[in-house]
Amino acid sequence: MKWLGQWIWAGQDDRPVNERVCFRKSFQLEETDDSAKAKLHITADSRYRLWFNGNLLGEGPIRSSTAHWYFDTYDVSHLLQKGDNLIAIEVWHFGHSNYQYIEARAGLLAQLEIHRRFDTVLIGSDKSWKAMKNEGYRKHTVKRNVNLGWMEHYDARDWDEKWINLAFDDAEWPLTAAIGSAGMLPWGLPRPRDIPLMSSWEQHPSQIVELREVVPVKRVVTVNARDNFYPDARDANARVFSGFLVTAIEVSESISGRIAFPSHKWNGVYGDVIIGGVRYALDDSNREFVIDLSIGFHLMMIEICGVHDDLFCHILFDFPIRVKLAHPLLPPDSAGDTVFVTLGPIEQTIPVADGVQPVYGGVEDSGLNRAHHRLKEIATCRNVKAFSKYVNETQDVPSFNVMDDEYVFALLTSKTILKRRPLLWSDGRMLRAPGEALRIKASDPGVDLELIIDFGEITIGNVAFEVEAEPGVTIDGYGFESMVRGEMEFTEGLNNSFRYVTKAGVQPYRTATRFGFRYLMLTFRGLRNDVSLREVRVCRTSFPVSEEGKFRCSDLMLNEIWTISRRTHLLCMEDTFTDCPTYEQVFWVGDSRISALSNYSVYGSYDLVRHCLELVPRSGERSPLLAALYPTDWEAAIPFWTFSWVIACREYVMYSGDTAFEETNYPQLKKIVQAYLAFVNEKGLFDISAWNFLDWAKLDVPYAGTVTAYQAMLAYCCKLVGQMAGDRGEEADKQAFDAQYCRLKTSLREHLWDAEAGSYFDGLDRQGGVSKTRSMQTHLLVYLSDCVTEDISDIVAQRLLDTPGEWVNVATPFMAFYYCEAMRKLDRLDRALAMIRKQWGGMVRYGATTCWETFPHALPNRLTRSHAHSWSASPAYLFGTTLLGIEMETSGFNAIRVCPPDTDLEWAEGAIPTPHGRIESYWNKADKAMEVRLPDSILVTVKDNVGWDIRIYRTN
């Protein structure tokens with residue numbers, strides 16, 4: 001399309017941090033034409049929300065990179081009206097990269113095209129638009145985590161939500177600035193969105209769980225130390241460094257209490273704490289200590305030394321009184337509101353994912369040099385006077401980067417429950433009945449009220465409600481996934497929260513950010529008078545699907561597992577496949593292969609699969625090693641994920657029949673596999689330094705060296721790309737990749753097979769050291785990669801069927817997918833079903849409505865981490881491809897074979913989506929009868945099954 005609109009922004013800062021700007025453009029139509037067609041094209045950096053004549057249309061753009069920036073198109077024909085019309089847009093610029101976005105610069109680009117019978121009206125974003133910073137959102141706040149970015153903190157007293165309406169007076173709003181044409185850098189010419197707009201609907205809760213009175217911990221302090229230690233850094237990379245974060249505790253009476261760090265290093269900075277010369281050693285298993293403080297000033301130094309994914313330090317002070325902090329070097333009249341200083345970095349390592357150097361400079365396990373002379377010297381300071389000699393090396397943390405009681409997660413996990421208020425059956429009417437409200441009575445000073453609402457299943461979307469309150473009531477929202485016998489499982493590593501501060505009267509609120517959860521906790525703080533709550537709901541959004549795939553059989557447990565797999569998969573379908581709706585909402589490349597396969601059995605959304613596959617190689621704009629997730633600038637390369645992408649590309653062509661995809665993407669596939677082949681050494685071994693992940697299990701695989709499973713998977717990728725080359729008639733390429741496959745397979749047998757033990761090593765480090773473990777994971781992946789040589793094939797098969805007890809076994813549903821695939825290849829479907837019945841059945845027995853990230857109780861002190869995870873939805877794929885008796889013979893389901901499965905089931909029925917339409921199948925073992933209904937365009941071969949009555953019906 002031809003862009004008339006220009007990129008625009010407001011204010012002097014072109015890269016503001018966590019800032020929202022509202023834009024308005026009003027225009028008049030002297031007359032309307034029923035035949036008029038109006039389309040509004042829009043994109044923004046980082047995110048937009050769009051209203052047209054007061055109607056919320058959607059948000060976007062979809063995940064983009066500056067080299068492939070997308071725009072969205074909305075049909076607004078039905079919303080045009082004679083006279084005044086209004087386009088209203090809110091743009092949120094993150095200012096920092098996260099695991100879904102790469103920081104660029106702030107901007108909005110929009111264009112309305114109205115095509116009437118005799119003319120065309122074009123309205124583009126330009127300097128005539130008006131804009132104003134939305135002061136309702138707090139700029140200086142905490143993050144949910146490094147994956148998702150900023151927590152939403154909105155004060156309704158500071159903004160008029162009627163700004164989206166025509167009647168709103170914007171006379172005081174300034175005009176915007178045009179910053180460049182549609183093709184300007186960094187974005188280039190935006191590309192049209194290549195997947196449909198999201199579907200949306202509302203989901204209401206199922207019950208109120210409880211209402212209780214609680215007393216929060218006295219003080220939680222958050223320090224955003226990023227600008228001090230790395231003032232120019234906007235990327236999502238982990239920081240590897242050492243230094244100090246320092247304050248002073250001022251005590252007016254002797255007290256005893258607890259100091260804790262509620263977040264581990266994935267979501268917060270902490271380290272050993274030194275107070276008065278006494279060191280309190282902390283690690284991820286113990287992040288708190290008890291201390292007695294006497295009257296006076298106590299120097300508190302936090303020694304930072306290691307890998308930190310973000311630089312927010314959350315400190316919980318659990319004392320009988322609210323602890324006072326002071327500047328460690330300046331008197332109060334000189335320090336003002338500043339109470340923290342930093343010193344450092346003393347040492348630092350820049351993360352590199354080039355395949356050669358260790359990712360974090362070799363500190364993955366040991367951390368930085370804790371014996372560094374500067375660390376030891378500074379740590380000897382016992383008091384403020386001793387620390388004062390470092391005054392010229394310190395830097396004050398600005399007061400706006402020190403936040404009190406902002407980290408909602410810590411407030412919720414460290415409270416005291418006083419009592420539970422009784423709930424009447426009539427209170428639940430608020431959940432469904434229009435206009436019904438739950439009256440929440442005020443509590444005593446210092447006491448908060450927590451309301452827990454159950455949505456019945458895990459959901460994802462924008463939280464919305466209506467509340468009637470006095471001004472200044474703080475409502476903290478927090479979503480979590482599980483309660484076990486009345487006890488919450490908190491979202492460790494995720495501040496899954498928002499904060500809303502009320503204005504006076506009746507007011508609706510809808511979060512601008514999306515949350516995943518099953519249970520919603522609303523905490524009312526500072527409640528001096530009663531409030532009324534009504535219309536609590538989730539505004540769901542998802543990739544639009546039709547439930548083409550179906551499955552039902554004689555085993556009720558398998559039916560329930562199918563249901564939770566399908567529900568999980570839908571929750572993880574956004575503008576890409578995502579890993580989970582709650583913790584991350586990230587497009588992980590390796591997870592998405594399983595998502596794609598599940599999709600082929602459940603929804604048949606081939607367009608989303610293709611979109612995801614085409615995103616992956618774009619991370620190659622930054623490095624020849626593909627990123628494990630995208631879009632992000634986090635230096636994270638997992639070779640397993642790249643190899644999974646190559647395999648998924650081939651599988652996509654097989655299931656969709658989209659041969660044009662292979663034709664278009666073959667050059668990329670060839671280039672990427674060749675980039676990984678560059679790491680094959682003179683012994684024919686794939687030697688790489690990366691995040692060498694196989695499974696969440698205690699595997700001894702090297703960070704730098706040869707991972708046996710990767711050797712096999714790279715060989716298999718060579719085999720697949722060689723097949724693609726053959727399909728294209730690229731004979732030289734085919735021969736080259738076939739030769740590499742044979743070379744890697746031979747080297748694997750020669751160097752990575754232990755003949756005496758009859759098993760593969762898990763890997764070799766660069767010094768030639770052999771891994772201490774042997775594992776099911778390695779043998780599964782070697783076997784599935786067609787890399788077991790004929791002379792040892794029987795030995796490997798036997799190991800897979802009769803695993804030695806000392807081996808590391810399958811630890812997650814992710815690796816269980818590969819186990820089930822291996823059992824299918826070994827014609828042991830019974831083993832695959834036994835695994836699923838045991839592990840997924842264990843989830844169902846705990847009342848799971850979705851599939852868990854890990855097996856039940858694989859993690860200490862909790863059932864699992866994420867209760868909905870896309871890599872765990874693979875049973876849907878297995879059931880659709882094996883238990884309905886339909887086997888794909890040629891790509892795109894152009895030909896199939898019908899064969900009743902050899903299984904312990906008595907009967908099964910269901911449907912499989914295909915590019916031609918649904919194939920429906922029903923079979924019954926007792927009657928030896930099978931019926932298949934399918935489109936005319938699919939060729940059918942019926943396997944000769946003695947005694948079975950197999951009937952084929954055409955549906956068109």
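Which residues in α17 are buried? Here are some friendly notes to read beside the structure, which is a predicted model.

1. **Helix α17.** The buried residues in α17 are Pro875, Ala876, Tyr877, Leu878, Phe879, Gly880, Thr881 and Thr882. That makes eight of the eight residues of this helix, which spans residues 875-882, so α17 is largely enclosed by the rest of the structure.

2. **A tilted aromatic pair.** Searching the whole structure turns up 62 aromatic pairs. Take Phe640 and Tyr818 as one to look up: their ring centres are 5.7 Å apart and their planes meet at 55°, so this pair is tilted. To count as edge-to-face, the planes would have to be over 60 degrees apart. Phe640 belongs to helix α9 (residues 639-656) and Tyr818 to helix α15 (residues 813-825), so the pair ties together parts that are 178 residues apart in sequence. Phe640 is buried, with a relative accessible area of 0%. Tyr818 is buried too, at 3%.

3. **Charges over rings.** A second example is Arg933, which lies over the face of Tyr953 at 4.7 Å from the ring centre.

4. **Two packed helices.** Two packed helices are described by the angle between their axes and the distance between the axes. For helix α11 (residues 708-728) and helix α12 (residues 731-751), the angle is about 160° and the axes are 8 Å apart. Angles over 145 degrees count as roughly antiparallel, and α11 and α12 are therefore roughly antiparallel to each other. The crossing of α11 past α12 is left-handed.

5. **Where α11 and α12 meet.** On the α11 side, the residues in contact include Thr708, Gln711, Ala712, Leu714 and Ala715. Further ones in α11 include Cys718, Lys719, Gly722 and Gly726. Among those they meet in α12 are Asp733, Lys734, Phe737, Tyr741, Leu744 and Leu748.

Key:
Residues are numbered from 1 along each chain as its sequence is written. This is a predicted model: local features need pLDDT of at least 70, side-chain atom pairs count only at pLDDT 80 or more; totals for chains, interfaces and linings use all residues. Side-chain values use heavy atoms; hydrogens and water are left out. Rings of Phe, Tyr and Trp (its six-membered ring) pair if their centres lie within 6.5 Å; planes under 30 degrees apart count as stacked, over 60 as edge-to-face and the rest as tilted. Helices (H or I, at least four residues) and strands (E, at least two) are DSSP runs, numbered from the N terminus. Buried means under 20% relative accessible area, exposed over 50%, partly exposed in between (1.4 Å probe, protein chains only). A charge sits over a ring if NZ of Lys or CZ of Arg is within 6 Å of the ring centre and within 35 degrees of the ring normal. Axes are lines fitted to C-alpha atoms, for helices over the stretch in contact, and angles run from 0 to 180 degrees between N-to-C directions. Angles under 35 degrees count as roughly parallel, over 145 as roughly antiparallel, 65 to 115 as roughly perpendicular and the rest as oblique. A crossing is left-handed if the near helix is turned anticlockwise from the far one by less than a right angle, and right-handed if clockwise. Contact means heavy atoms within 4.5 Å.
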